[in-house]
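Here's a short tour for anyone opening this one up for the first time. Have a look around, then read on.

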Amino acid sequence: MMLSDRRPILLANARIIDPSRDLDIVGDVLIADGVVREAKRGIGAAGVPEGTEVIECRGKLVAPGLVDMRAFVGEPGAASRETLASASQAAAAGGVTTIICQPDTSPVIDDPATVDFVLRRARDNAIVHVHPMAAITKRLEGGEMTEIGLLKAAGAVAFTDGVKSVTNAQVMRRALTYARDFDALIVHHTEDPALVADGVMNEGEFAARLGLLGVPSAAETIMLERDLRLVGLTGGRYHAASVTCTESLEVLRRAKEAGLEVTASASINHLTLNENDIGPYRTFLKLVPPLRAEADRKVLVDAVASGLVDVVMSDHNPQDVETKRLPFAEAAAGAIGLETMLVAGLRLVHSGEIGLMALLRALSTRPAELLDLPGGTLKSGAPADLIVVDMDVPWIVDPNELKSKCRNTPYDEARMQGRVVRTIVAGRTIYEIV
Amino acid sequence: MTTGQKSSFVLSRRHLLGIEGLSRDEISGLLDLAEEFVELNRQIEKKRASLRGRTQINLFFEVSTRTQSSFELAGKRLGADVMNMSASSSSMRKGETLMDTAITLNAMHPDIIVVRHHASGAVELLARKVDCSVINAGDGAHEHPTQALLDALTIRRNKGRIDGLTVAICGDILHSRVARSNIILLNCMGARVRVVGPSTLLPPGIERMGVEVARDMRAGLADADIVMMLRLQRERMNGSYVPSTSEYFHYFGLDERKLAYARPDALVMHPGPMNRGVEIDSIVADGAQSLIREQVEMGVAVRMAVLEALSRNLPNA
């Protein structure tokens, strides 16, 4: 990998997709001083400043860098699983130029000092942008509200209790109400823990066959439905952290039609895999919420295509071999995803399930808008965070070659078509395949 | 079958991890071989030498009297050296993981490991880490293949066939590996299978496993040739899945009145250990239609057949 200097760069003759402007053209992108100067047809080598590095991108795609709205990074407290440095290397290789890290760390990101710690560690060690979410409740206990105002001022881009749900409706109501005064976004994992109980995979035939206790999709929908009533009551800004099933999408659609400030994410795993992929107890496919039926997956992809689901995120969750090499019910949940999110998404594009514009919008433009970040666009003056993608190159995922500190990829040995060949952050090439 | 005639059946696979994946011929082959051992076990000289020199480890992470002693006896009668390890004495208590235990035992060069574990899929996970044969003696709520085989042998000896029979499996289907293995085996052998129980103990989606579902004993036992009762675990009795043992017995406990819903020549089975007065009444359990004691006898024969048929496929056999 070669790090380029701060010379201006011209990405020439690329297919440019900028979802923030519905732009899909063949043209050139000029980058200088860390920002996008122009992205349009026919800038050409003649119209660029002296000393500009011209990179031929014929046949390749140039798009805004991805903004991954949900990634677990092990700092502070679990650096053996993932550091900001290793996560950012994985992100760069996957075309992710902004990571939104989660607060379910040790200690929990629930005070301004910890936000500051993460931001300083990221500044010194990460090669992509990193912004933390902070907790909704102190120690993620679902009781006392955190200092939402001060945390936001310190740099927390949104508030979530990670993979825990705030079960107390009064606490959730107050958090939504209070957050509204600061225009803070509440991001909530919606699973009723009593209904999840000891369940470890989607309820239904496959759980019955494997002898595993199931999680009904109603566990998710019930919590989501409650939340949306509370949003109606409070007028807060709310984002469902990970919707997975048909019923949840119906509830979400109604709330959006009613004009509530409600948005939602889907994980790349739930868009590209289903419960059958668990096969003979493959623990790398043990996820929270669990992988659902194929019918749910299809509807979820359609919802991303239509914009009903706003954001696609990786739900990156590195787990040690020792916590995964256990019987299914006892194994830790989660899968790494920063590096494979885009290429897994391209599977859906190649199979005709979703358009490239819609996919890239959900991966970059929409999360940046929701979190009020400057990325996700190639407009003039925007930060030069962008990616160059070879849409067609075939390759096979080798877990040992992934940059994350953990190997728990659900795409182990999967055949992929398309790969990020260059990632640029703030005008600097931070990743490149020659 | 005459005693002198010998089946040469070989189970051409390394492990027996479940009934799933076994063919009808393989199941029949195992049952035919087991018939020979039924005869052998009734003789004074019960010993064979076919597993002489072989080491069999019984690795039980979950307490079991009947299955463990059955496997132990089966191995010894075939001449194997049998070692028993149970959770209470093993280093699992000291926090050693399943995988480390597997690697440690594997280094001792066993030929066959018999495993019971409380988690579904655990036996398959262990089998991937060892070089010997592995027999699943029950994994979580997943499978218990030798139980299904011994049930099949018991049924076949008493009814002369399995094909075309109606079998009602009653009780806690949700948590039962016995139910799953039996459903797969009986379907494979052409029986009509029905599961009966309160809806809280029936896994959603069970009907897609090729069974009829009944929520009361009258409908569930109608025309049944075989009534197979399952054990209700104590922790599930009081308010969590069913309100009380007395309500459970009232609606689902097998007594003479409910048994009368089945065919007059219906036979009663139970994998044991029984909760008398909870899922089954003593009069039925010990009555003329009960096969429960015979099941235990068939257990040893079936496990001998499995050990023998797998060992014939071992290297240097």
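Let's start where the two chains meet. In this predicted model, 7 residue pairs are in polar contact between chain B and chain A, counting pairs with both residues at pLDDT 80 or more. On chain B, the helices α3 (98-106) and α4 (122-127) each give at least two residues to the side that touches chain A. The largest share of that side, 3 residues, comes from α4(B). Sorted by class, the side of chain B that touches chain A has 11 nonpolar, 7 polar and 7 charged residues.

How many salt bridges cross the interface of chain B and chain A? There is 1. To find a salt bridge on screen, look for E205(A) and R208(B), whose closest N and O atoms are 3.2 Å apart.

Now for the extent of the meeting place. The size of an interface is often given as the accessible area lost when the parts come together. Here, chain B and chain A bury about 1,600 Å² between them, with 59% of it on carbon and sulfur atoms. S120(B), P204(B) and M209(B) stand out: together they supply 25% of the area that chain B buries against chain A, more than any other three residues. As for head counts, 25 residues of chain B are in contact with 16 residues of chain A.

The largest pocket has a volume of about 1,000 Å³. It is lined by 35 residues, and the closest to its centre are E62(B), G140(B), H175(B), R177(B) and Q233(B). Two helices of chain B, α2 (66-77) and α6 (177-188), are the elements that give two or more residues to this lining.

There are also cavities: the structure holds 4 of 30 Å³ or more. Which residues line the largest cavity? They are A93(A), G94(A), E339(A), L342(A), V343(A), W395(A), R419(A), V420(A) and Y431(A). In terms of elements, α1 (84-94), α12 (341-350) and β16 (415-425) of chain A each supply at least two residues of that lining.

Here are the two spaces in one table.

| Space | Volume | Lining by class |
|---|---|---|
| Largest pocket | about 1,000 Å³ | 12 nonpolar, 13 polar and 10 charged residues |
| Largest cavity | about 80 Å³ | 6 nonpolar, 1 polar and 2 charged residues |

So much for the tour. If you go back for another look, the salt bridge of E205(A) with R208(B) and the pocket residues E62(B) and H175(B), among those closest to the centre, are handy places to begin.

Notes: Residues numbered from 1 in each chain as written. Chains lettered and ligands numbered in written order. Predicted model: local features only at pLDDT ≥ 70, side-chain atom pairs only at ≥ 80, totals over all residues. Heavy atoms only, no water. 1 Å grid on protein atoms, 1.4 Å probe; cavity = no way out; pocket = protein on both sides within 12 Å on 5 of 7 lines; lining within 4 Å. Points joined across faces, edges and corners; volume = space filled by probe spheres on them. Helix = DSSP H or I, 4+ residues; strand = E, 2+ residues; numbered from the N terminus. Nonpolar A, V, L, I, M, F, W, Y, C, P; charged D, E, K, R; others polar. Contact = heavy atoms within 4.5 Å. Buried area = accessible area lost by both parts, 1.4 Å probe. Salt bridge = Lys/Arg side-chain N within 4 Å of Asp/Glu carboxyl O. Polar contact = N/O pair within 3.5 Å; in protein donor to acceptor, adjacent residues only side chain to side chain.
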